[in-house]
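This report concerns the salt bridges of the structure shown below. The sequence and the model come before the text.

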Amino acid sequence: MLKQTVKIFIASSIELATEREKMVVLLSVINKQFPHLHLEPVKWETDQESGYYGQGVQDAINPLLDTSDMVVFLFHSRAGIFTVEEFERAKAQFKKSFYYFKIGFSAKNSAEHKAYG
């Protein structure tokens, strides 16, 4: 049986690190249920070349997004500047994208709303 591999880039701010890991587990469960399909999570934490930490790290991450088949965006209280860049990049490439919003965040005042808006 020929397996179809689908590379899925997972994008989010650092505040959703736990949810990013849960996404990897979910893809593993789906892979076991559908043996003809291989959903490959793409995460900058594990898939970028070594030596790119610090300044210019996004330059190492962008090629991972470019070679992915689709993108999953996870949002909660904010979209970090790199997540916004990834969103714009995926949009410009017409990548199939999915958006998940974690519930539970609510701005406490107008200043906080503006900061996260």
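Is Glu21 buried, partly exposed or exposed? Glu21 is partly exposed, at a relative accessible area of 41%; buried means under 20% relative accessible area, exposed over 50%, and partly exposed in between, with a 1.4 Å probe and protein chains only.

The model is predicted: local features need pLDDT of at least 70 and side-chain atom pairs count only at pLDDT 80 or more, while totals for chains, interfaces and linings use all residues. Residues are numbered from 1 along each chain as its sequence is written, and side-chain values use heavy atoms, with hydrogens and water left out.

Three salt bridges are present in the structure, a salt bridge being a side-chain nitrogen of Lys or Arg within 4 Å of a carboxyl oxygen of Asp or Glu.

| Pair | N to O distance |
|---|---|
| Glu19 and Lys102 | 2.7 Å |
| Glu21 and Lys43 | 2.2 Å |
| Arg89 and Asp66 | 2.8 Å |

Helices (H or I, at least four residues) and strands (E, at least two) are DSSP runs, numbered from the N terminus. Lys43 is buried, with 7% relative accessibility.

Glu19 and Lys102 form a salt bridge between helix α1 (residues 17–33) and the loop from β4 (96–101) to α5 (110–116), the two residues lying 83 apart. Lys102 is partly exposed at 40%.

Arg89 and Asp66 also form a salt bridge, joining helix α4 (residues 81–92) to helix α3 (residues 57–66). Arg89 is partly exposed at 28% relative accessibility, and Asp66 is partly exposed with a relative accessible area of 28%.
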